[in-house]
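Dear colleague,

Please find below the sequence and structure that I am handing over to you. My findings follow directly after them.

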Amino acid sequence: MRDDIKSWNRLPAVRHQHVLDIQARTACLPLPPGKETCIPFGNGRSYGDVCLNPDAAVIRTRALDHMIAFDRERGRITCEGGVILADILDLVTPQGWFPPVTPGTRFVTVGGCVANDVHGKNHHDTGSFGNHVRSFELLRSDGQRLICSTEQNADWFAATIGGLGLTGLITQVTFDLLPIANPFMVTQAYRFSTLDEFWHLNARAEREWPYTVAWIDCTRQNGRGILFAGQHAPPQPELPVWKSRHRTVPVDLPFSCINSLSLKAFNEIYYRQKLPRDRYVAHYVPYFYPLDAIENLNRIYGTKAFYQYQCVLPPQVSADGLAELMRQISRSGMGSFLAVLKTFGTRPAMGTLSFPRPGATLALDFPNMGEKTLQLLNRLDSVVASAGGALYPAKDARMSAAMFRRGFPQWEKMLPFVDPRFSSGFWSRVNEPEG
Amino acid sequence: MSNIVIFGATSAIATACARDWLAAGHNLFLVGRNADKLEIMRTDLMVRSTQKQTIATATADLNDFSTHEALYAQAAQALGAPDIVLVAHGSLPDQKACEASVELTMQEIRTNALSVISLTTLAANLFEPQREGTIAVIGSVAGDRGRQSNYVYGAAKGMVDIFLQGLRNRMAKASVTVLTIKPGFVDTPMTAHIPTKGVLWSTPGQIGQGIIQAVKRKRNVVYLPWFWRIIMLIIRSIPEAIFRKLAL
């Protein structure tokens, strides 16, 4: 029994019977004894229990960190499933390329990007990660290796993108890159003081900018915040100098730094920050990955850890639904200063269980205060459910089977593709018989 | 640009070193046991490389000492005369199993000490007439004092440590650098079975960077990270009468 395998929010705290490592992409899949199930574990950046498998096994993929091919002319890369985006960035940005889609941390594995069909600030423009995947190899527990693409094993391709690691282990992935002129971003920030203002600003920004995302003050019901828009910088006569700084939260804090008082203060300071009036140029690292600058940031919530909550609301009810969510959250006094609001575009996702779909998505952390927090999240669930929305499995530690099935009505189509030896904490939970 | 030979190249620490050395523009000759893994590593380095560099490989069982001389000849043919040799192969013995088997104990000593002595002897003889070169060997803090929990591994690493002291002394006249690297706990496939990695643990990447720096600075002995020097100083200074009763 081992208790050292954790997801990013360190909830739930579970024990694994076996912690296995795949040794090479050409090697056999290591399987736990008997009928015990397993789930691939990449770099532990997803939240909740999609990457955990309590009382059973995980297969770590960190040995699969090799590049396989990089076509510098066409902008196409093939790498192993355990390669992290940071390594891709280091390789491709100096050559004038960029990942087509990136989540808020560059420490995710490429296999994880596929399995969770991750999205980024450019979803309205570009879709999610799966839209840019050309092919991948899936290693099944019976030893079969399936090359999957839209032409070959297309049903496996669809089941595996956003398939939460349940269809087998992704050993290697080929995906297309985005051309860039340099590693810098042109960005602009807009302050808004109500949700109405946000919708107006956002609609305009989405037409003009490939990347948009808003920070929102979750302590205020009216929904004030800042919208950050960005695009890759055009060729510049002179590039600014950028140097990364490394900071870390060195130890597990015994208590949470986030309480209702610090939360109000943080949000107030953040909202009132001085914003550049015009467009400005920033390196891609601070633009895309501000939180990566502090290692182990997840420790600020203390040993009780935290929940992450991310939902999507369909377009026609986004405004009302969001207003109701903000009402519930601000009234509760819980939440955190890391609340993020974004609208998804209309490009259909490739995966059977993909989360991104047209509408507005809200994501935020909640320090774990036990029952009180869970009750709030249940209230938020009913808002999301009655709006016809869905929760993001990659950030979930608690959604009910009913909530999952409402949000992912296609779920039954997934079943024939789930590897009989694969399961996860998440998957067991949402497949529990209702009652 | 240097020509670098790495033994045990597919190990986690050696891979980290190879990637950093590649980025710095050096040529690499990689020796490993598993042909599949070596080829995966070579492809990876080729994809990452941005300049004209040679990356060559050889598959070998380093416990077969008779292959060692030929490996250096192959390296010289692929790259030209080597400038740096990194000996990074090794195994972490199951101490309990070794206690029950003399054969296994001897096998582990062979892997972790004798093969290293063979490889470094040959490297020294190559570098001595050149009057330059660096021999870097991954030892371990475990070689600083014998402990009940892993003294077979410790004894092998300790033998390497003393052997390299002598070799360094001999090579000083030839201005050849002999570097003993003593990592502490490193989170690698070799230690994957050990749960709950605490603050004393490092990543292979951190150790790799430390090795690159130490080679560049022509250091003699480095503890990685540095604080292990202090920890081992304390551990070495405990009187044997007390030490023998400790469960370290």
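**A buried residue in chain B**

B:Thr57 counts as buried, because it has 22 C-beta neighbours inside 10 Å; a residue is buried if 20 or more other C-beta atoms lie within 10 Å of its own, exposed if 12 or fewer, and partly exposed in between, with C-beta atoms placed from the backbone. This is a predicted model, in which local features need pLDDT of at least 70 and side-chain atom pairs count only at pLDDT 80 or more, while totals for chains, interfaces and linings use all residues. Residues are numbered from 1 along each chain as its sequence is written, and chains are lettered from A and ligands numbered from 1 in the order in which they are written.

B:Thr57 lies in strand E3 (residues 55-59) of chain B; helices (H or I, at least four residues) and strands (E, at least two) are DSSP runs, numbered from the N terminus. Leaving aside neighbours within four places in sequence, B:Thr57 is in contact with B:Leu30, B:Leu38 and B:Arg42, where contact requires C-beta atoms, placed from the backbone, to lie within 7 Å. The C-alpha atoms of B:Thr57 and B:Arg42 are separated by 7.4 Å, and the two residues are 15 apart along the chain.

**The sheet of chain B**

Seven strands of chain B form an open sheet with parallel pairing, in the order E3-E2-E1-E4-E5-E6-E9; two strands pair if DSSP finds at least two bridges between them. E3 and strand E9 (221-224) of chain B stand at the edges with a single partner strand each, so one side of each has no neighbour in the sheet. Direction ignored, neighbouring strands of this sheet are turned by 15 degrees against each other on average; axes are lines fitted to C-alpha atoms, for helices over the stretch in contact, and angles run from 0 to 180 degrees between N-to-C directions.

Strand E1 (residues 3-7) and strand E2 (residues 27-32) of chain B run parallel and are joined by five bridges, with B:Ile6 opposite B:Leu30 in E2(B). H2(B) packs on the sheet and touches E2 and E3 of chain B, its direction making about 175 degrees with that of E3(B).

Strand E5 (residues 134-138) of chain B is mostly covered, as five of its five residues are buried. On one side these are B:Thr134, B:Ala136 and B:Ile138, and on the other B:Ile135 and B:Val137. E5(B) pairs in the parallel sense with strand E4 (residues 84-87) of chain B over four bridges, and B:Ala136 in E5(B) is the bridge partner of B:Leu86. E5(B) also pairs in the parallel sense with strand E6 (residues 177-183) of chain B, over five bridges; here B:Thr177 in E6(B) is the bridge partner of B:Thr134.

**Helix H1 of chain B and its two partners**

The axes of H1(B) and helix H2 (residues 35-48) of chain B come within 10 Å and cross at roughly 25 degrees. H1(B) is therefore roughly parallel to H2(B); angles under 35 degrees count as roughly parallel, over 145 as roughly antiparallel, 65 to 115 as roughly perpendicular and the rest as oblique. The contact is made by B:Thr15, B:Ala18, B:Arg19 and B:Leu22 of H1(B) and by B:Met41, B:Leu45 and B:Arg48 of H2(B).

Helix H1 (residues 12-23) and helix H7 (residues 204-216) of chain B have axes that come within 8 Å and cross at roughly 55 degrees. H1(B) and H7(B) are therefore oblique to each other. Among the residues that make this contact are B:Ala16 and B:Asp20 of H1(B) and B:Gly208 and B:Ile211 of H7(B).

**Chain A**

Eight strands of chain A form an open sheet with antiparallel pairing, in the order E15-E11-E13-E12-E18-E19-E17-E20. Its edge strands are E15 (280-283) and E20 (390-391) of chain A, each pairing on one side only. Strand E12 (residues 211-216) and strand E18 (residues 340-344) of chain A pair in the antiparallel sense over two bridges, and A:Ala214 stands opposite A:Leu341 in E18(A). Helix H9 (residues 371-386) of chain A lies across strand E17 (306-313), strand E19 (359-367) and E20 of chain A, running at about 5 degrees to E17(A).

**Between the chains**

The contact takes 13 residues from chain B and 13 residues from chain A.

Yours sincerely

Definitions and conventions: Two residues are in contact if their C-beta atoms, placed from the backbone, lie within 7 Å.
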